[in-house]
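I want to go through the peptide bonds and the phi angles and jot down what turns up.

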Amino acid sequence: MKRSLESLDKSSLEGRRALVRVDFNVPLKDGKVTDDTRIRAALPTIKYLRERGARLVLLSHLGRPKNGPDPKYSMQPVVRALEKLLGSPVTFLPDPTSSEAATLTRRLPRGGVAVAENTRFYPGEEKNDPDLAQRFAALGDLYVNDAFGSAHRAHASTEAIARTLKPAVSGFLMERELRYLGEALHQPKRPFVAVMGGAKISGKIDLVEALLPKVDEILLGGAMACTFFKAMGLETGNSLVEPDRLDLARELMQKAGKKLVLPEGGVVARELSPNTATRVVRRDAIPQGWAVYDIDPATEKRFGASIEKAGTVVWNGPMGVFETPPFDHGTLAVARSMAQATANGAVTVIGGGDSAAAVAQAQLNDKITHVSTGGGASLEFLEGKELPGVAALDEV
């Protein structure tokens with residue numbers, strides 16, 4: 001068990017500098033934040049610390065700048081978005097590694113907030129450089145990691161710093177992620193159903209193999225189902241298939257037996273466009289020259305029945321090309337079944353990425369037990385891998 005922010009003596013936060021690693025890797029357009037979901041996700045931790053008189057210094061990366069600082073990846077638009085959400089001014093630290101930055105943090109008022117420039121502007125960040133971690137550590141008196149989305153990276157601001165600046169504890173978002181993902185894995189209410197989707201089986205092999213012994217069923221959709229169809233000797237037309245994964249698909253089907261549930265059919269089209277002609281076909285009747293872009297209504301019904309009877313459901317990956325209607329139908333149907341399962345008393349967990357986007361699109365976020373903020377991190381956690389940013393935090 002990792003030590004949490006709440007375990008710290010409340011009075012010990014007064015006047016101290018809390019260096020908080022957040023995940024403010026948000027989309028920008030024309031110098032403005034277009035989706036502030038990740039910023040809002042960190043607000044409970046920020047507010048808790050402010051109310052207890054701490055001085056807050058927030059660290060985050062943004063995008064993938066190459067060769068050092070790049071103005072288009074500056075954290076300044078994030079500062080403006082955060083000011084709006086907090087309703088108070090936020091200080092910007094243009095060079096968090098300078099001695100001036102450390103001085104500025106000491107001069108922050110109690111409850112004051114500062115945001116440091118993009119951690120990836122410093123070459124030592126992605127190399128987990130202890131010297132850079134030391135310079136970041138000069139900005140705080142304690143360390144809080146609330147960036148679950150970056151916890152699978154051993155970087156200076158997530159791993160080395162937690163070994164340098166003590167106490168090193170988890171924030172509320174991190175704690176919530178670890179609780180719900182951990183409970184789904186280790187103490188699931190049964191039946192335990194995993195819903196897997198996405199384009200390629202290669203990106204999900206480890207997850208499927210890790211979940212197989214734990215779940216009662218894996219419902220598998222998305223383009224990756226076509227690799228399984230091909231492995232069964234079925235015609236797949238122009239569907240996306242990974243020929244080098246056919247043996248693996250056969251192996252998984254053999255190992256999983258009845259636990260692995262594949263689509264009964266699909267929605268096919270000659271091309272991927274919103275106004276294209278579509279057909280619903282059985283999986284053994286995919287025509288040549290056509291491609292599968294979504295699961296069919298019979299599969300929606302079959303998957304929905306399993307999800308709605310489940311005690312725990314973990315969902316990672318869309319059922320079709322949901323960004324292009326009408327091929328969003330299967331994914332949105334799964335999102336609605338997840339919401340129904342929650343209402344029925346199930347613990348429902350969305351593993352970030354496209355599935356989280358689909359749930360947001362369906363406006364069902366508040367009808368799901370937990371929507372993970374970390375695509376890659378939640379995948380690795382569910383695969384049973386140790387996340388460096390979590391491992392480095394203090395034990396209870």
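This is a predicted model: local features need pLDDT of at least 70, side-chain atom pairs count only at pLDDT 80 or more; totals for chains, interfaces and linings use all residues.

I started with Gln363, which sits in the loop between helix H13 (353-361) and strand S17 (370-371). Residues are numbered from 1 along each chain as its sequence is written, and side-chain values use heavy atoms, with hydrogens and water left out. Helices (H or I, at least four residues) and strands (E, at least two) are DSSP runs, numbered from the N terminus.

Positive phi. I looked up Gln363 and got a phi near 55°, a positive value in a residue other than glycine. Is Gln363 buried or exposed? I find it exposed, at 68% relative accessibility; the cut-offs are under 20% relative accessible area for buried, over 50% for exposed, and partly exposed in between (1.4 Å probe, protein chains only).

Next I checked Asp30, another non-glycine residue with positive phi, here near 50°. I located Asp30 in the loop between strand S2 (28-29) and strand S3 (32-33). Asp30 is exposed too, with a relative accessible area of 72%.

Cis bonds. Which residues does the cis peptide bond with omega of about -5° join? I traced it to Lys166 and Pro167. Pro167 belongs to the loop between helix H6 (156-164) and strand S8 (168-170).

I also noted a cis bond from Pro325 to Pro326, omega near 10°. Pro326 falls in the loop between strand S15 (312-316) and helix H12 (329-343).
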